[in-house]
Amino acid sequence: MERIRQSDDLIKEVPGLITAITTLTDECHVLIRKLHNVLARALQLDDLEYFNKLSKGFYDSRVPNTTLLRTIYYPPIPEEVTEGAIRCAPHTDYLTITLLFQDQMGGLEALNASGDWIAATPIPGTILVNTGDLLSFWSGGRYPATIHRVLVPEIETKKRLSRQSIAYFIGPDNDVMVSPLVGQGSNQEPVSTYDHVKRKLDNTYKF
């Protein structure tokens with residue numbers, strides 16, 4: 001809650017937004033704990049609470065953690081655009097997993113193992129889960145990061161409407177040293193969560 005209050009001056013004009021976001025994150029944490037347990041079991045770790053124990057910042061704002069919830073607004077497209085125009089370029093997320101809540105506008109696509117773009121058509125009542133770069137490294141490549149993009153809608157009327165999504169980017173605490181738990185890359189040097197994210201940001205915004 002403290003982290004939300006830091007941005008209160010930006011969102012106080014929307015009554016109830018802080019309460020709604022706090023409720024959403026609290027409910028997401030229940031799901032995240034379960035996903036962490038499933039992930040630990042899938043990687044055949046002895047401690048099913050392994051990932052949860054490395055994510056204290058979820059519940060204690062005094063523990064530095066790069067986990068971030070973003071509300072992402074795509075404005076309407078009033079001008080004519082070419083067919084297949086991209087609204088958000090292909091990319092991967094930086095951390096372990098991302099919980100994505102979509103509206104019904106569509107446009108999100110994910111690249112499958114065969115190199116084909118697959119539409120991630122919104123399904124009411126569902127949450128899309130993406131794997132990120134840090135999980136790919138942590139799992140020794142067993143769970144590669146999901147490459148995804150957002151296209152401009154082909155339907156003309158949808159181009160005139162905005163698109164809204166909420167993405168919850170999940171990662172361990174900043175000082176956690178990450179190295180491959182299984183599979184390929186077991187001899188690679190460990191990296192802290194903070195340094196991993198900083199490196200990704202530096203590469204992304206390098207001019």
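The legends below describe close-up views of a predicted model.

Local features need pLDDT of at least 70, side-chain atom pairs count only at pLDDT 80 or more, and totals for chains, interfaces and linings use all residues. Residues are numbered from 1 along each chain as its sequence is written, and side-chain values use heavy atoms, with hydrogens and water left out.

**View A. Phenylalanine 51 and tryptophan 138 form an edge-to-face aromatic pair.**
The structure holds four aromatic pairs. Rings of Phe, Tyr and Trp (its six-membered ring) pair if their centres lie within 6.5 Å; planes under 30 degrees apart count as stacked, over 60 as edge-to-face and the rest as tilted. Here the ring centres of phenylalanine 51 and tryptophan 138 are 4.9 Å apart, with the planes at 85°, so the pair is edge-to-face. Phenylalanine 51 belongs to helix 4 (residues 50-53) and tryptophan 138 to helix 5 (residues 133-138), so the contact ties together parts 87 residues apart in sequence. Helices (H or I, at least four residues) and strands (E, at least two) are DSSP runs, numbered from the N terminus. Phenylalanine 51 and tryptophan 138 are both buried. Buried means under 20% relative accessible area, exposed over 50%, and partly exposed in between (1.4 Å probe, protein chains only).

Two strands pair if DSSP finds at least two bridges between them. Strand 4 (residues 108-111) and strand 7 (residues 148-151) run antiparallel and are joined by three bridges. Across this pairing, leucine 108 stands opposite valine 150 in strand 7.

**View C. Arginine 149 takes part in a salt bridge and lies over an aromatic face.**
A salt bridge is a side-chain nitrogen of Lys or Arg within 4 Å of a carboxyl oxygen of Asp or Glu. Arginine 149 forms one with glutamate 109, the closest N and O atoms being 2.8 Å apart. Glutamate 109 sits in strand 4 and arginine 149 in strand 7, 40 residues apart, so the pair links distant parts of the chain. Glutamate 109 is buried at 14% relative accessibility. Arginine 149 is buried too, with a relative accessible area of 16%. Arginine 149 also lies over the face of tryptophan 117, at 4.1 Å from the ring centre. A charge sits over a ring if NZ of Lys or CZ of Arg is within 6 Å of the ring centre and within 35 degrees of the ring normal.

**View D. Arginine 33 forms a salt bridge with glutamate 49.**
The whole structure has six salt bridges. In this one, the closest N and O atoms are 2.9 Å apart. Arginine 33 lies in helix 3 (residues 17-42) and glutamate 49 in the loop between helix 3 and helix 4, so the pair ties together parts 16 residues apart in sequence. Arginine 33 is partly exposed, with a relative accessible area of 32%. Glutamate 49 is partly exposed at 27%. Glutamine 44 is found in the loop between helix 3 and helix 4. Its phi is near 60°, a positive value in a residue other than glycine. Glutamine 44 is exposed, with a relative accessible area of 68%.

**View E. Aspartate 60 forms a salt bridge with arginine 62.**
The closest N and O atoms of this pair are 2.9 Å apart. Aspartate 60 is partly exposed, with a relative accessible area of 21%. Arginine 62 is exposed, with a relative accessible area of 72%.

**View F. Strand 3 (residues 97-102) is largely enclosed by the rest of the structure.**
Five of its six residues are buried. Strand 3 pairs with strand 6 (residues 128-131) in the antiparallel sense over four bridges. Leucine 99 stands opposite valine 129 in strand 6. Six bridges join strand 3 to strand 8 (residues 163-170), and these two also run antiparallel. Threonine 98 stands opposite phenylalanine 169 in strand 8.

**View G. Cysteine 28 is buried, whereas cysteine 88 is partly exposed.**
The relative accessible area is 3% for cysteine 28 and 23% for cysteine 88. The structure holds zero disulfides (pairs of cysteine sulfur atoms within 2.5 Å).
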